[in-house]
Amino acid sequence: MNAVIIDFIAALVIVTLIGYEGVKITIDALQVLMDHSPKEMVDEVNGIVRSIEGVTEVHDIRVRRYDEALYIEMKVHIKPKMSVEEAHKISEAIEDEIKRRLGRERVIEALIHTEPEGPHR
């Protein structure tokens, strides 16, 4: 084979690899900038929260990832007549379980907004 052809093929392979990696990096960066929550992480948090006694519903889960750090927020429904103290204990139990299962060093913050169960606007 001619050296020019070999050089051209090698350059084409290298350009393709660099282009592929560039597209992957761009997609990852755009997902972070657009506040995308990875579905598998949202599903995992959903399962953790639903396992906590006193939680009747969970929705609007957002998981933000910055490098390996996780910032999580959600809305959780509890019984309407529950005291503030009981609601706070459930929120603490949710945060503790999320940190235990996903890693205390990874979960920087878990923001839990409690709402009484039932219809909402």
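Ile9 is found in helix H1, which spans residues 3-33; helices here are DSSP runs of H or I of at least four residues, strands are DSSP runs of E of at least two, and both are numbered from the N terminus. This is a predicted model, in which local features need pLDDT of at least 70, side-chain atom pairs count only at pLDDT 80 or more, and totals for chains, interfaces and linings use all residues. Residues are numbered from 1 along each chain as its sequence is written, and side-chain values use heavy atoms, with hydrogens and water left out. The structure holds 11 salt bridges, a salt bridge being a side-chain nitrogen of Lys or Arg within 4 Å of a carboxyl oxygen of Asp or Glu.

**Nonpolar surface patch**

- Ile9 has a relative accessibility of 41% and therefore counts as partly exposed; buried means under 20% relative accessible area, exposed means over 50%, and partly exposed lies in between, with a 1.4 Å probe and protein chains only.
- Ile5, Phe8, Ile9, Leu12, Val13 and Leu17 make a nonpolar surface patch of about 580 Å².
- Patches are made of residues with over 30% relative accessible area and no salt bridge, where like charges are joined within 9 Å and nonpolar side chains (Val, Leu, Ile, Met, Phe, Trp, Tyr) within 5 Å.
- Accessible areas come from the Shrake-Rupley method with a 1.4 Å probe, and for residues only the protein chains shown count as cover.

**Packing of helices H2 and H3**

- Two packed helices are described by the angle between their axes and the distance between the axes.
- Helix H2 (residues 39-50) packs with helix H3 (residues 84-102) at an angle of about 130°, and their axes are 10 Å apart.
- Axes are lines fitted to C-alpha atoms, for helices over the stretch in contact, and angles run from 0 to 180 degrees between N-to-C directions.
- H2 and H3 are therefore oblique to each other; angles under 35 degrees count as roughly parallel, over 145 as roughly antiparallel, 65 to 115 as roughly perpendicular, and the rest as oblique.
- H2 and H3 make a right-handed crossing; a crossing is right-handed if the near helix is turned clockwise from the far one by less than a right angle, and left-handed if anticlockwise.

**Strands S1 and S2**

- Asp60 and Lys75 form a salt bridge through their side chains, at 3.4 Å from N to O.
- This pair ties together parts that are 15 residues apart in sequence, because Asp60 lies in strand S1 (residues 57-66) and Lys75 in strand S2 (residues 69-78).
- Asp60 counts as partly exposed at 44% relative accessibility, and Lys75 counts as partly exposed at 31%.
- The backbone of Asp60 has a phi near 50°, a positive value in a residue other than glycine.
- Most residues other than glycine have a negative phi.
- A network of salt bridges links Arg62, Arg64 and Glu73.
- Arg62 is found in strand S1 and counts as partly exposed at 40% relative accessibility.
- Arg62 and His77 are 15 residues apart in sequence, with a C-alpha to C-alpha distance of 16 Å.

**Charged pairs and other residues of helix H3**

- The side chains of Lys89 and Glu85 meet in a salt bridge at 3.8 Å, N to O.
- Lys89 and Glu85 are four residues apart in helix H3, so about one helical turn separates them.
- Both Lys89 and Glu85 are exposed.
- Glu97 forms a salt bridge with Arg100, in which the closest N and O atoms are 2.7 Å apart.
- Glu97 and Arg100 are three residues apart in helix H3, so about one helical turn separates them.
- Glu97 is buried, with a relative accessible area of 17%, whereas Arg100 is exposed, with 54%.
- Asp96 also has its place in helix H3 and counts as partly exposed at 43% relative accessibility.
- Asp96 and Ala110 are 14 residues apart in sequence and 9.1 Å apart in space, C-alpha to C-alpha.
- His88, in helix H3, is partly exposed, with a relative accessible area of 46%.
- His88 and Ala29 are 59 residues apart in sequence, and their C-alpha atoms are 35 Å apart in space.

**Loop between H1 and H2**

- Ser37 lies in the loop between H1 and H2 and counts as buried at 18% relative accessibility.
- Ser37 and Glu115 are 78 residues apart along the chain, and 22 Å separates their C-alpha atoms.
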